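Q: Could you take a close look at the salt bridges here, pair by pair, and tell me how open their partners are?

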Amino acid sequence: MKRAFQRWYKLVAAGLVLGLFTAFGISMVALVHVKTAMQIADNQLQETYRAFDRVLGGEAYDNRPLDHPTQLAAVDWLNGGEPITIYTAKRDGQPVATLLSIDAQKGYNGSITLMLGILANGTLSGVEVVSHRETPGLGDKIESRRSDWLEQFEGRSLNSPAEDQWGVKRDGGLFDQITGATVTSRSVVMSLKQALSYLQQLRPELFERVEPSALLKTNKPLLKYPDWITLQQGFAHTRQGLLI
């Protein structure tokens, strides 16, 4: 009986020790995971703000745009028909630029995610490519770290150049295309024009706001196609109520 009790005691003691080591190991792994996840999230946040600074082209702001997103209703001619979230950069409480990310749908190998800044006067402050699957050595030259191709869009608007000049030179437009990557170039140029058209219709509402807007969930009518999409003539200077 005594020997059996000792055997049972040793098994229990070994089990407890093993359990304690297991619990300690799990706790350490969980702690490392939490710290790593927090560091990754912080790095991603800092990189997002660095990207914001790049697309704003030096325009000063003193708020944290990511803290105050505004979601706009979807239109089927932009961003693959998905809703668009914008972020407002402010200085002294006044909006100075709108930041947004859109997916250009007709890249050579799929969609191209762009981040762009649009100033209060409707001009592009800058453009960055966030992600893409274009051909290495050709289409990847849309990346700012590989070429200065994106710089030609800085300071451009729907009026500069005229809307019928918003295209690559091969199509009779103003903008250079990347050699060997015309499809990629065309997709970026068209998407930038679409984004400018979209926000042109909303610019007074966006830049007259002083307080951050709440996330928008609306059943109001969507923005209409700009005339250049349907008729290739001019721009319909109309907008429908889209913001709260």
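A: Happy to! A residue is called buried under 20% relative accessible area, exposed over 50%, and partly exposed in between (1.4 Å probe, protein chains only). This is a predicted model, in which local features need pLDDT of at least 70 and side-chain atom pairs count only at pLDDT 80 or more, while totals for chains, interfaces and linings use all residues. Residues are numbered from 1 along each chain as its sequence is written, and side-chain values use heavy atoms, with hydrogens and water left out.

A salt bridge here is a side-chain nitrogen of Lys or Arg within 4 Å of a carboxyl oxygen of Asp or Glu. By that rule there are eight salt bridges.

Let's begin with Arg 186 and Asp 171, whose side chains form a salt bridge at 2.7 Å, N to O. This pair links distant parts of the chain, 15 residues apart: Arg 186 belongs to helix α2 (residues 182–200), and Asp 171 to the loop between β5 (124–131) and α2. Helices (H or I, at least four residues) and strands (E, at least two) are DSSP runs, numbered from the N terminus. Arg 186 is partly exposed at 33% relative accessibility, and Asp 171 is partly exposed at 44%.

Next, Arg 145 and Glu 143 make a salt bridge with 2.8 Å from N to O. Here Arg 145 is exposed at 65%, whereas Glu 143 is buried at 12%. Both belong to a network of salt bridges that also links Asp 140 and Arg 146.

Finally, Asp 67 and Arg 64 meet in a salt bridge at 3.2 Å, N to O. Asp 67 is partly exposed at 45%, and Arg 64 is partly exposed at 43%.
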